[in-house]
Amino acid sequence: MRLTPEGHGTGDVRVPRLVGLMAVDARESVRALGLVVDAPGQPDFPHAVVDYVVRQYPQPGTFVPRHSVVHVWLDFGEGEGGGGVREPRGPLPPPGGLRRELEEPGAGAVTPLVVLGSP
C-alpha cells in the first residue's frame with residue numbers, strides 16, 4: 001500500500017477519521033469512499049455494532065489508493081463491558097444462609113469449624 005500525504009494520483013482517497021465511531025459507522029464511512037476496513041484479531045468484526053474504534057491505521061488524512069485496507073482496533077463503549085469497576089454492586093443477597101461474620105483470628109486462637117446442614 002502506498003501512503004502519500006500529498007494525495008498524488010487520480011485514484012487516491014483521503015482516509016477518514018474513524019476513531020470514536022461505532023463499528024457499524026466506521027464500516028459505512030470507508031465503504032462510501034471505496035476503501036475496505038479490517039479489525040485484526042476480531043473475526044466477528046463484520047457483525048460488530050456497538051464497539052467503538054479506538055485506533056486506526058493509516059492515520060486520518062493520509063491519501064491511499066482506492067480499495068486499500070484501513071485497519072481499526074475496537075473497544076466496548078462505556079457501560080458495555082471491557083475494563084471497569086469490578087467491585088460488587090447492590091443489591092446484596094438477603095441475610096442468613098451461609099453468610100455469617102467470623103471473628104478475627106488472634107495469636108494462637110482456634111476457630112471452631114461449623115458444618116451447616118449436618119444431622
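Good morning. Please bear in mind that the model is a predicted one. I begin with the overall arrangement. The chain contains one helix and five strands, and along the sequence these elements follow the order β-α-β-β-β-β. Of the contacts between residues at least 6 apart in sequence, 65% link residues at least 24 apart.

Next, the surface and the interior. The chain exposes about 8,900 Å², and carbon and sulfur atoms account for 57% of that area. Of the 119 residues, 24% are buried. In soluble globular proteins, nonpolar side chains tend to be buried together. Here, the largest nonpolar core has 16 residues, and those touching the most other members are L18, L35, F45, V53, V70, V72 and L74. Helix α1 (23–32) and strand β5 (69–76) each contribute at least two residues to this core.

Let us look at L35 in particular. Which residues is L35 in contact with, leaving aside its neighbours within four places in sequence? They are V13, V15, P16, V30, V64, P65, R66, H67, S68 and V70.

Finally, I turn to charge. Side chains of opposite charge can pair when their charged atoms come close. The structure holds one salt bridge, in which the side chains of E28 and R31 meet at 2.7 Å, N to O. E28 is partly exposed, with a relative accessible area of 44%, while R31 is exposed, at 52%.

Thank you for your attention.

Note on methods: Residues are numbered from 1 along each chain as its sequence is written. This is a predicted model: local features need pLDDT of at least 70, side-chain atom pairs count only at pLDDT 80 or more; totals for chains, interfaces and linings use all residues. Side-chain values use heavy atoms; hydrogens and water are left out. Helices (H or I, at least four residues) and strands (E, at least two) are DSSP runs, numbered from the N terminus. Buried means under 20% relative accessible area, exposed over 50%, partly exposed in between (1.4 Å probe, protein chains only). Contact means heavy atoms within 4.5 Å. Accessible areas come from the Shrake-Rupley method with a 1.4 Å probe; for residues, only the protein chains shown count as cover. A nonpolar core is a set of buried Ala, Val, Leu, Ile, Met, Phe, Trp, Tyr and Cys residues joined through side-chain atoms within 4.5 Å. A salt bridge is a side-chain nitrogen of Lys or Arg within 4 Å of a carboxyl oxygen of Asp or Glu.
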